Amino acid sequence: MEPLINYFIVSAALLCVGIYGLIAKRNAIRLLFAVEIIINAAIINFVAFARYHDTPLITGQTFSLFAIALAATEAAVGLAIIVQAFRLNNDIDVLELKKLRG
Amino acid sequence: MTDVVFLVVSLLTVFFAILALESRELVYGAVALSLSFLGAAALFILLDSIFIAIFQVLVYVGSIAILIVFVIMLVRRDKWANVTGGNERILGIIAAVLLFSTITYFSLSSSLTSQYPNPTAISNFYEIGSQLINDYWLILQLTGLALAVSIIGALTMAKFENR
């Protein structure tokens, strides 16, 4: 088996890809992709650290179940917001969505 | 052997994650995103967490990716194909590279490099189920409530007519 650092670095790489997407992209669906990638990186970390504990813990797997379920709710609500924003503005460029600006 | 598998799977996961953000067509991006999720599921199998891998494939590849494809179908515009970020893109690349090199630099000198797993893996479905019911029953109920509320909220938002 590999040392823990390998999984940690894969997770860090996914996190950095997600942060790049959050900074550079303007399309709302791509921003949602980036958030999902970041959540995935966090889940990989949870499972890896639980597996590499001295006495392997099942709690990390249980917690990542909750994380996956909440990511699903977040995607459902986010996509509904995107559909609604598209209906109101005919565009989902996040720099063009200014209706709620004070 | 398992090192080669790990290397290929992790490289594919990161590559498809980048492709999901950088592909010209949004639909190809969604496909690449689901392939990246499949790569993460393979990583979970390498970590002896079969149940999480099953759950990942069911929830992410099975529902979230399909939902994203449907939404892309509903909100498509051709002009997005040639939107190119200027300054933000360079800023994003700099931030990502800086963060990644910092994390790598500091973690390479930590104790993570010498940590190897316990050979006795527990990937017992029974353990996970009993822990869900006995220890985390309240969180389980709250997660179900959050799922119900999000579905109702998404439906109400989608039914809202444009006046």
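At what angle do H3(A) and H3(B) pack, and how far apart are their axes? In this predicted model, H3(A) and H3(B) pack at an angle of about 5 degrees, and their axes are 11 Å apart. That angle makes H3(A) roughly parallel to H3(B). We'll come back to this pair after a look at each chain.

**Chain A**

Let's start with chain A, which has three helices and zero strands. From the N terminus on, its elements simply run α-α-α. Its radius of gyration is 17 Å, well over the 13 Å that the globule rule gives for 102 residues, so chain A is more spread out than a compact globule.

Buried residues make up 51% of the 102 residues in chain A. If you take the contacts in chain A between residues at least 6 apart in sequence, 48% join residues at least 24 apart.

**Chain B**

On to chain B, which has six helices and zero strands. Read along the sequence, its pattern is α-α-α-α-α-α. Of its 163 residues, 24% count as buried. Among its contacts between residues at least 6 apart in sequence, 56% join residues at least 24 apart.

Inside chain B, take a look at H2(B) and H3(B). Their axes come within 8 Å and cross at roughly 175 degrees. That makes H2(B) roughly antiparallel to H3(B). Residues of H2(B) including B:Leu33, B:Phe37 and B:Phe44 meet residues of H3(B), among them B:Val57, B:Tyr60 and B:Val61. By class, this contact has 20 nonpolar, two polar and no charged residues.

The loop between H2 and H3 of chain B holds B:Asp48. B:Asp48 is not a glycine, yet it has a positive phi of about 60 degrees.

With 16 other C-beta atoms within 10 Å, B:Leu140 is partly exposed. B:Leu140 and B:Leu11 are 129 residues apart in sequence, and their C-alpha atoms are 34 Å apart in space.

**Where the chains meet**

Now put the two chains together: 75 residues of chain B are in contact with 62 residues of chain A. On the chain B side, the elements that give two or more residues are H1, H2, H3, H4, H5 and H6. By class, that side has 49 nonpolar, 21 polar and five charged residues.

Back to the opening pair, H3(A) and H3(B), with axes 11 Å apart. Among the residues making this contact are A:Leu65, A:Ile68 and A:Leu79 of H3(A), along with B:Phe55, B:Val59 and B:Leu67 of H3(B). By class, the contact of H3(A) with H3(B) has 17 nonpolar, four polar and no charged residues.

| Helix pair | Angle | Axes |
|---|---|---|
| H3(A) and H3(B) | about 5 degrees | 11 Å apart |
| H2(B) and H3(B) | roughly 175 degrees | within 8 Å |

Let's zoom in on A:Ile68, which sits in helix H3 (residues 59-89) of chain A. Which residues is A:Ile68 in contact with, leaving aside its neighbours within four places in sequence? They are A:Ile43, B:Phe55, B:Gln56 and B:Val59. A:Ile68 and A:Asn40 are 28 residues apart in sequence and 8.3 Å apart in space, C-alpha to C-alpha.

In soluble globular proteins, nonpolar side chains tend to be buried together. In this model, the largest nonpolar core has 65 residues, and A:Leu14, A:Val17, A:Ile29, A:Ile44 and A:Val47 touch the most other members. The elements that give two or more residues to this core are H1, H2 and H3 of chain A together with H1, H2 and H3 of chain B. H2(A) gives the most, with 15 residues.

What does A:Ile44 touch, not counting residues up to four places away in sequence? A:Ile44 touches A:Tyr7, A:Val10 and A:Ser11 in chain A, as well as B:Ala40 and B:Leu43 in chain B.

Note on methods:
Residues numbered from 1 in each chain as written. Chains lettered and ligands numbered in written order. Predicted model: local features only at pLDDT ≥ 70, side-chain atom pairs only at ≥ 80, totals over all residues. Contact = placed C-beta atoms within 7 Å. Helix = DSSP H or I, 4+ residues; strand = E, 2+ residues; numbered from the N terminus. Nonpolar A, V, L, I, M, F, W, Y, C, P; charged D, E, K, R; others polar. Axes fitted to C-alpha atoms, helices over the stretch in contact; angles between N-to-C directions. Parallel < 35°, antiparallel > 145°, perpendicular 65-115°, else oblique. Rg over C-alpha atoms; globule rule 2.2 N^0.38 Å. Buried ≥ 20, exposed ≤ 12 C-beta atoms within 10 Å, placed from the backbone. Core = buried A, V, L, I, M, F, W, Y, C linked by C-beta atoms within 7 Å.
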